[in-house]
Amino acid sequence: MGGRRWFWILLFLAACSGGAPAPNSATVVDVVDGDTMLIDFGGREELVRLIGIDTPETVHPERPVECFGPEASAFAAELLPPGVEVEVTRDVVDRDDYGRLLGYVHRSDGLFVNEEMVRQGFAVPLRIEPNTTHSSAFVAAAQAAETDGLGLWAACRE
């Protein structure tokens, strides 16, 4: 009886948990814009929104294309061409209000895409609690990009 009880307890805990933030191997299908991509998780395609960063808009239905948006989208597409293998790690909250999977994306060569977008000046940090695991690294990367006048920090000064 004891083993059976543990089975039900573990099953209940697994069902109630938001899922451990374990990496999930996947393949890039397409880049939608600088911070959103279509990723294939072994036959299940998901829109993935990069956690902790924000790029200028290019495809928002209610907003115009923003300064450096096309460049950010192009850079994301360069980093994540179709077919590239990635690991997607989640944080505390799995999905945003639009149903997109929220993730930290690492290429198979180890490149941390979220941070690289900020480090090269194609994105700014976007801290939304409770998904803040890497927020201090994103802020440091943005400060360095701004100091060096990279990307949107040079192109979009008003």
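Buried residues have under 20% relative accessible area, exposed residues over 50%, and partly exposed residues lie in between (1.4 Å probe, protein chains only). The views show a predicted model, in which local features need pLDDT of at least 70 and side-chain atom pairs count only at pLDDT 80 or more, while totals for chains, interfaces and linings use all residues. Residues are numbered from 1 along each chain as its sequence is written, and side-chain values use heavy atoms, without hydrogens or water.

**View 1. Five strands form a closed barrel.** The strands follow the order β1-β2-β3-β6-β5, and their pairing is mixed. From one strand to the next, the twist averages 55°. Helix α2, residues 69-79, packs on this sheet and touches both β1 and β6, the latter spanning residues 101-107. The direction of helix α2 makes about 150° with that of β1. Helices (H or I, at least four residues) and strands (E, at least two) are DSSP runs, numbered from the N terminus; contact means heavy atoms within 4.5 Å. Axes are lines fitted to C-alpha atoms, for helices over the stretch in contact, with angles from 0 to 180 degrees between N-to-C directions.

**View 2. Strand β5 pairs with β1 and with β6.** Strand β1 covers residues 24-33 and strand β5 covers residues 85-89; the two are antiparallel and share four bridges. Paired strands have at least two DSSP bridges between them.

**View 3. Arg49 and Asp35 meet in a salt bridge.** The separation from N to O in this pair is 3.4 Å. A salt bridge places a side-chain nitrogen of Lys or Arg within 4 Å of a carboxyl oxygen of Asp or Glu. Arg49 belongs to strand β3 (residues 44-50), whereas Asp35 sits in the loop between β1 and β2 (36-41), so the pair ties together parts 14 residues apart in sequence. Both side chains lie in buried residues: Arg49 has 9% relative accessibility and Asp35 has 4%.

**View 4. Arg63 forms a salt bridge with Glu57.** The closest N and O atoms of these two side chains are 3.6 Å apart. Arg63 is partly exposed, at 45% relative accessibility.

**View 5. Arg100 forms a salt bridge with Asp96.** The closest N and O atoms of Arg100 and Asp96 are separated by 2.6 Å. Arg100 is buried, with a relative accessible area of 18%, and Asp96 is buried as well, at 17% relative accessibility. Elsewhere, salt bridges that share partners link Asp35, Arg49 and Asp54 into one network. A search of the whole structure finds 10 salt bridges, including those of Arg49 with Asp35, Arg63 with Glu57 and Arg100 with Asp96.
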